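Please look at the sequence and the structure below, and then read the report that follows.

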Number of protein chains: 2
Amino acid sequence: MSYLDRIAECNAHDLARFVPFRIADRHVGWVKRPFAARLAAFAETFYASDEAVELAPTLRSFDERSQALEHILRRLAGEGAVPAWRDELYPVATAFGAPPLMQMERAALPLFGVRAYGVHVNGFVRDGDGVKLWVARRARDKPTYPGMLDNFVAGGQPIGLGLKDNVIKEAEEEAGVPAALARRAVPVGAVSYCMETSDGLKPDVQFAFDLELPPGFEPRNGDGEIEAFHLWPVERVMEVTRETAAFKFNCNLINIDFFVRHGFLGPDEPGYLDIIAGLHR
Amino acid sequence: MSYLDRIAECNAHDLARFVPFRIADRHVGWVKRPFAARLAAFAETFYASDEAVELAPTLRSFDERSQALEHILRRLAGEGAVPAWRDELYPVATAFGAPPLMQMERAALPLFGVRAYGVHVNGFVRDGDGVKLWVARRARDKPTYPGMLDNFVAGGQPIGLGLKDNVIKEAEEEAGVPAALARRAVPVGAVSYCMETSDGLKPDVQFAFDLELPPGFEPRNGDGEIEAFHLWPVERVMEVTRETAAFKFNCNLINIDFFVRHGFLGPDEPGYLDIIAGLHR
């Protein structure tokens, strides 16, 4: 097992199993062929062929598109085809910050291979010359990746909320971080990947933040999504990242990026340059 | 002018003007077509066609290849075809750390489109909540990029020297940094790019290091390669990087990487994700 294994797991996909998803001639995602065939039944909303799935051009506005899709998604969810409905709306756009062409229920994003964005916060404590990282254990009843290890604070990026505001909100809800402390989180880059799931694709981007916490700080979960927090020496986080798949898949990339930026993982590591390239796919 | 302009300058190239350069069936570089035609004259050493330049397979060992090439390069240098001869030998390999197939005079690397590696050190000083960066001005008589701005300490990576040892050596020679201080340089990643030159290609990788310096430290050049050092607020380095081409081309990438990792350039910057991707080509 190695860091490169973690990176490979986040990037395992075969686009031959997908067709492009387009809105107004713009490529915004990827649909798996069986789901494309299912969408073909909604002929007023989707033009689905062996080549592509296109949202009907008669749907001209953000609202028209979003409403038409929500109607279909709720029906598909009733059939069990949209697992883990979240009641969170995400933008669908050609790039981060571009005007969204529509909004979509979070649980449906992978079905349409639409890029999701999120924020991940490395909560760390200096300890002499060393560093300790706060690691979260996801609740056993969470709809996605229950019981897995997670970064200190992390959350998807819904429509209409700034990144830093999202960090402050998630830090408060997930770990009881006062806003004045969470505001000190420093943006330090982003990781990207493209992972195939059983019924879709996650070609996602996670923005990374570093938040140095005072030694006495104790996180406390407020939303029931975290079972426990652990303060681990960075060396232990490195070993668990490298040797196991205990962290939720994309948290490994955030961990590795932290190890690289802080010099814990240096050029003597075999594959160092491949590891760095692998964080930015 | 923008950060993305700096990144684009480092990546301007058209591989249609090149043919692959191979040693023992392994692709190790790119040769511009006119230079490939010149190499065809050395038929015992090079098999040069419209498709590729191959080192003769009769040259079987590291030493045989290196000696045959040096002989030809010295002759070409006599004709002015290898400008700025450095008398520094660099490894030619399929990847960083892989066993080198041969060694080659540094000045010839771009002619063969062989990847060069180097180390760049961000020398910075904390100043309250702000940061200042030491910036170097290259000597006017330096054979490459005379008079341009440079990172605090930077150097190419010759054969047979470790990265950290190179940092310590260059920091001492270029800026008078005592070894005990230079050893504190933290590896923080790498930037890569691919830039076409008038007669070749630079598909290079630079390893980045951060070195926090005490406020009272004054760099002093010892090898005549630096004309002056300036201690600039990071905001000024950002402006000069963004608005001018005053820095040697690849130093801009090291600067931008520093701005991103330390949160001076954050997700509110237009094109933030393209900037991050652009540092890792």
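At 0% relative accessibility, A:C10 is buried, a word that here stands for under 20% relative accessible area, while exposed stands for over 50% and partly exposed for what lies in between (1.4 Å probe, protein chains only). A:C251 is likewise buried, with a relative accessible area of 0%. The sulfur of A:C10 has that of A:C251 as its closest cysteine sulfur, but because the two are 9.0 Å apart they are too far from each other for a bond. A disulfide is counted as a pair of cysteine sulfur atoms within 2.5 Å, and over all chains the structure holds zero disulfides.

This is a predicted model, in which local features need pLDDT of at least 70 and side-chain atom pairs count only at pLDDT 80 or more, whereas totals for chains, interfaces and linings use all residues. Residues are numbered from 1 along each chain as its sequence is written, chains are lettered from A and ligands numbered from 1 in the order in which they are written, and side-chain values use heavy atoms, with hydrogens and water left out.

Most residues other than glycine have a negative phi.

| Residue | Phi | Relative accessible area |
|---|---|---|
| A:A84 | near 60° | 30%, partly exposed |
| B:A84 | near 60° | 28%, partly exposed |

A:A84 sits in the loop between α3 (62–78) and β5 (89–92) of chain A, where helices (H or I, at least four residues) and strands (E, at least two) are DSSP runs numbered from the N terminus.
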